Amino acid sequence: MTMRTTDRADALVLVGDRTFERRSFELPETGDDDGLLRIEACGLCGTDHEQYTGHIKAPFGFIPGHEVVGVVERVGRNAAARWGVTEGQRVAVEVFLSCRSCPSCEAGNYRRCERNGTATMVGFVDVDRPPALWGGYASHLYLAPDSMLLPVPAGMDPSFATLFNPLGAGIRWAVTVPETKPGDVVVVLGPGIRGLSACAAAKEAGASFVAITGVGPRDNPRLAAAPGFGADLVIDVTKQEPAAALKRELGRLADVVVDVTAKAPKALAQAVSVARPGGTIVMAGTRGTAEAPGFNPDHVVFKELRILGALGVDYPAYEAALRLLASGKYPFAELPRRAAGLDTLEPLIKTMAGEGDPDIPVHGVLAPETGR
């Protein structure tokens, strides 16, 4: 084992609603089965600003951030063999950990790992749990033995590579979970980075027609970008009702509806209305409320709809996402991106939450060494 007694990690700890504390932690001891990552970039997810504003609460302080890309700084002998990585290699980090041996993990459903599950998700672990470095808002991330790593294609910029997470979500939510088939009509609710990713994923799966919705001026730039990601129709729901717009365009409703909206309780009713009888709805965005204005459960019965919840992504989707990013087929590199360092992150989080600068980037990134 090795111990770096003088090296320390810098991190932002979320200790309450809208309250970060800058802290320093001693880098942990590592052995044969674990490792340490030097974080180069951490993408900002809708979950991040929901944690920041208190829509998603925790009874403890924690280091947020789960879209992590970095360089393996230390790795034990057994861990290197398990992960298939070497020191100095750039990797992406899976959000969920896997014991690789419980029934859920053996079945490929490692998000329900009996030893881990949601309790050890990257970016949502009690900072008082040693060695503290469990999230991406830091200079380093501890790689526990159950971690899962994905090699990043050679030469790929780390900030760009953080898109592995939202694009992986688009692949799982718009294709894998609903079992989207060639020729399907797909409607995506919400034009954020995951919505645009879902459009691209659906097109890659052979969808014959893809539509995406947004709300008013804030979403107009994203809707304007959507055709580059495979969208055949963009719908501003303040001007058009989605089901009516789709019927005018195609004369039919959607086979698959993917709801990636956040804090949008009306979206469920829209999803039900735009789905064809016998269609599938995937709910992946969180409401932040138990209310669902306009939702009539009878419509689910009359249409015989299949409604599926989707939590997180999985390793195969992340692998496919990194390949698709490397291909350059879709203009992910051209999306408006804004990066911030640890000392300048809070204003960017506020902007992403709609509380600051009205010019909201599609892709926000923490780069820990920026401004240091």
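I sorted the lining of the largest cavity by residue type and got eight nonpolar, two polar and no charged residues. My classes: Ala, Val, Leu, Ile, Met, Phe, Trp, Tyr, Cys and Pro are nonpolar, Asp, Glu, Lys and Arg are charged, and the others, Gly among them, are polar. Before going on, I note that this is a predicted model, where local features need pLDDT of at least 70, side-chain atom pairs count only at pLDDT 80 or more, and totals for chains, interfaces and linings use all residues. Numbering runs from 1 along each chain as its sequence is written, and side-chain values use heavy atoms, with hydrogens and water left out.

The lining residues are V93, L97, T120, V122, W134, L141, Y142, L143, A144 and S147. Strand β6 (residues 140-143) gives the most, with three residues. I found about 60 Å³ of space in there, and the structure holds one cavity of 30 Å³ or more. For the record, I used a 1 Å grid over the protein atoms alone: a cavity is a set of points where a 1.4 Å probe fits but cannot get out, a pocket is an open set with protein on both sides within 12 Å along at least five of seven lines, and lining residues have an atom within 4 Å of a point. Points are joined across faces, edges and corners, and the volume is the space filled by probe spheres set on them.

**Second largest pocket**

I put this one at about 160 Å³. P217, R218, P221, R222, P336, P358, D359, I360, P361 and V362 line the pocket. That makes seven nonpolar, no polar and three charged.

**Whole chain**

I counted 12 helices and 15 strands; these are DSSP runs (helices H or I, at least four residues; strands E, at least two), numbered from the N terminus. The radius of gyration is 21 Å, which agrees with the value near 21 Å for a compact globule of 372 residues. It is taken over C-alpha atoms, and the globule rule is 2.2 Å times the number of residues to the power 0.38. Buried residues make up 56% of the chain, where buried means under 20% relative accessible area, exposed over 50% and partly exposed in between (1.4 Å probe, protein chains only). Helix α5 (residues 164-176) is mostly covered, with 12 of its 13 residues buried; W173 is one of them.

Strands β1 (residues 8-16) and β2 (residues 19-26) pair antiparallel over eight bridges; pairing takes at least two DSSP bridges between strands. V13 stands opposite E21 in β2. The hairpin has two residues between its strands, and R18 in the turn has a positive phi of about 55°. I have R18 as partly exposed, because its relative accessibility is 38%.

On the latter count, P130 and P131 are joined by a cis bond, omega about 5°.

**P153**

P153 sits in the loop between β7 (149-151) and α4 (158-161). I see P153 touching L322 and A326, not counting residues up to four places away in sequence; contact means heavy atoms within 4.5 Å.
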